[in-house]
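Hi everyone, thanks for coming.

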Amino acid sequence: MAFDVGGGKGGLRPTMNVTPLVDVVLVLLIIFMVVTPLLTKQMWMNVPAKSDKQDPPPPPPDALPPVVLTVDRAGVLRINREEVPREQVVARLQRMLNARPDKIVFFDASDDVPYGAAMDVLDLARGGDITVGVLPEKLAD
């Protein structure tokens, strides 16, 4: 700490010596500049090669159609295009899945369905211990 001995009313006035502060900040800056490139993480991912065929192989003739739960803007729930009251959805899905080897229900919502309404339907299905998968693409009408 240094003192300013200039003239004036008070006489002595304390001023801080900033040289050590600047030295410490510069050293920290250099340390962070050296360490930052070492902190980047690399993750390797093996992705299957893209197939040359454009069309996916057709399902086997004895394959069951998937169970699809849909919700539209009006909040109407459908299981495989059949309208189902909200209170019967879980029971009907459980009955359908008991008769199937695959125990999964696919979920689809219209583009104009509010996010909260879609999550309510998902929570309703998952509340009945049903495995739910979300469709990545629109269903063909």
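Let's start with helix H2, residues 89-98, where Val 89, Val 90, Leu 93 and Leu 97 are buried. Buried here means under 20% relative accessible area, exposed means over 50%, and partly exposed is in between, with a 1.4 Å probe and protein chains only. Look down the axis of H2 and its buried residues fall within an arc of 90°, so they line one face of the helix. That arc is taken from the directions from the helix axis to the C-beta atoms. As background, an α-helix has 3.6 residues a turn, so residues three or four places apart point the same way. On the other side of H2, Arg 95 and Asn 98 are exposed.

Before I go on, some housekeeping. This is a predicted model, in which local features need pLDDT of at least 70 and side-chain atom pairs count only at pLDDT 80 or more, while totals for chains, interfaces and linings use all residues. Residues are numbered from 1 along each chain as its sequence is written, and side-chain values use heavy atoms, leaving out hydrogens and water. Helices (H or I, at least four residues) and strands (E, at least two) are DSSP runs, numbered from the N terminus.

So what covers the buried residues of H2? The cover includes strands E3 (67-71), E4 (77-79), E5 (82-84) and E6 (104-109), plus helix H3 (115-127).

That brings us to the largest nonpolar core, which has 18 residues. A nonpolar core is a set of buried Ala, Val, Leu, Ile, Met, Phe, Trp, Tyr and Cys residues joined through side-chain atoms within 4.5 Å. Leu 69, Ile 79, Val 89, Leu 93, Val 105 and Phe 107 have the most contacts inside this core. E3, E4, H2, E6 and H3 each give two or more residues to it. Take Val 105: leaving aside neighbours within four places in sequence, its contacts (heavy atoms within 4.5 Å) include Leu 93, Leu 97 and Ile 130.

Now for the loops. Val 113 sits between E6 and H3 and counts as buried, at 12% relative accessibility. Val 113 and Ala 74 are 39 residues apart in sequence, but 8.0 Å apart in space, C-alpha to C-alpha.

Last stop: the loop between E4 and E5, where we find Asn 80. Most residues other than glycine have a negative phi. Asn 80, though, has a positive phi of about 50°, and Arg 81 has one of about 70°.
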